[in-house]
Amino acid sequence: MLFLLMLCVTGLPLVFHDEIDDLLEDEITAPVMSADTARLSLDRMIAAAQARFPGQYILFLNLKQTEALVTVAVSPTAVPAPGNFHRLTLDARTADVLGEEAPHQGVMDIVLRIHKDMFAGLAGELFLGAMGLVFAVSIISGVVVYWPFMRRLDFGTIRRRSSPRVKWLDTHNLLGIVTVTWMMVVGLTGMINTLATPLFDLWRAQLIPVLLAPHLGKPVAAIPSVQAAVERVGARFPDRLVTSVTMPTSARFGSPQHLVVWTKGATPFTARMLQPMLVDANDGKAIVAPEVPWYLKALQVSRPLHFGDYGGLPLKIVWALLDVITIIVLVSGIYLWSARRRSTFVRRRPAEPPQTATDRV
Amino acid sequence: MRASIRSQSRPYRSAWDVFCWPLVISGICGVGLGLALVGDGIWDGLSWLALSSPVVLTVFYWHRAGRRR
């Protein structure tokens, strides 16, 4: 219960993390130029980042869709330590470095870590996933006992004149039953999210060895022309937008012999379906477009349903209100549980009074 | 407890009567969750309306219970 409460409380600010981040940190915007100013080659972005941090490793490029900005992640080590990389934001038209984000942890990063794994890595993540399952089970049991409680009451009755326990029982029942669908969806999608790391590793373990078989024993490939690879992907899949490019790497998020060009669809629904295209880094030509397995597609669709970030600010506000209701349901549930424990303890010795519906909390 | 004595005089409700409204709300919320996923613009707006229904109901019934005091 307390863990669920923690998840709800930390989740509340996380709903608005985009807005809070904007508030706390100066957002980098591209300087105004005429709309038809051409974008430079992505290879120029990499060269600019290498000039800024000579000798360091380029990890990946992010291409911003709404503005002419490219983010380049640079790490001092070939396999980056968690969070230990620089993020350079470049103007896509001039290759000027507009901003530089040193490795740091903001307030929201800490809140996110508590919410996600309580600083305990994968074990913490899976533990909180199990909590999500407990949440789902307790919701179902709550719906089952809703019937005996409500058999003699109109929907939505709150007996405010009665004892605080009856009042809170009615409140718990009403608030719980109206938000049950939302709680179920957010709880279960949150649980699915905790499986993201193992599921992605599973897919990678199935896919990468096959692709790497011809390159066995070779060192990590040099970075080929990223621009040419992106153009080749765009020519072969004209309906997909390139969102980021991962350089050849021995780290878990990429392949040592391929550029991974991440693409998304153009419609709101397919935009959530990321599809990696692997471009052979040795010749910069051969493209492999692996089929994304169903479990990763399910994972990608479940993400927005957990975060509530798919329908603008009003949806986030609704999300926050429902989260507050969930907190009230949890707190009143704890209160009712402890109140019942106290009363059964007191009543144990005298003869059990006739049970009323309100006593069976 | 006066309230429970009074309510005992009422007939028991069937499962259908008890769960009728919850099912309707649950359906509305389910549709609301899906709508914003498939499209933007008008779909987002419908989704906001659908998902605010639990909040509106909570406020409405809480307010009504207070007025009857």
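**Close-up views of a predicted two-chain model**

**View 1. Polar and charged pairing between chain A and chain B.** Between chain A and chain B there are zero salt bridges (a side-chain nitrogen of Lys or Arg within 4 Å of a carboxyl oxygen of Asp or Glu). Three residue pairs, both at pLDDT 80 or more, are in polar contact across the two chains (a pair of N or O atoms within 3.5 Å, one able to donate a hydrogen and the other to accept it). This is a predicted model, in which local features need pLDDT of at least 70 and side-chain atom pairs count only at pLDDT 80 or more, whereas totals for chains, interfaces and linings use all residues. Residues are numbered from 1 along each chain as its sequence is written, chains are lettered from A in the order in which they are written, and side-chain values use heavy atoms, without hydrogens and water.

**View 2. Extent of the interface.** Chain A contributes 43 residues and chain B 41 residues to the contact (heavy atoms within 4.5 Å). Together the chains bury about 3,900 Å², 68% of it on carbon and sulfur atoms (accessible area, 1.4 Å probe, lost on being put together and summed over both parts). R152(A), F155(A) and R160(A) supply 20% of the area that chain A buries against chain B, more than any other three residues.

**View 3. The sheet of chain A.** The open sheet has eight strands in the order 4-3-2-1-5-6-7-8, with antiparallel pairing (DSSP runs of E, at least two residues; at least two bridges per pair). Strand 4 (97-101) and strand 8 (287-288) of chain A are its edges, each pairing on one side only. Strand 1 (residues 57-63) and strand 5 (residues 241-246) of chain A pair over three bridges, and N62(A) stands opposite S244(A) in strand 5 of chain A.

Conventions: Buried area = accessible area lost by both parts, 1.4 Å probe. Polar contact = N/O pair within 3.5 Å; in protein donor to acceptor, adjacent residues only side chain to side chain. Helix = DSSP H or I, 4+ residues; strand = E, 2+ residues; numbered from the N terminus.
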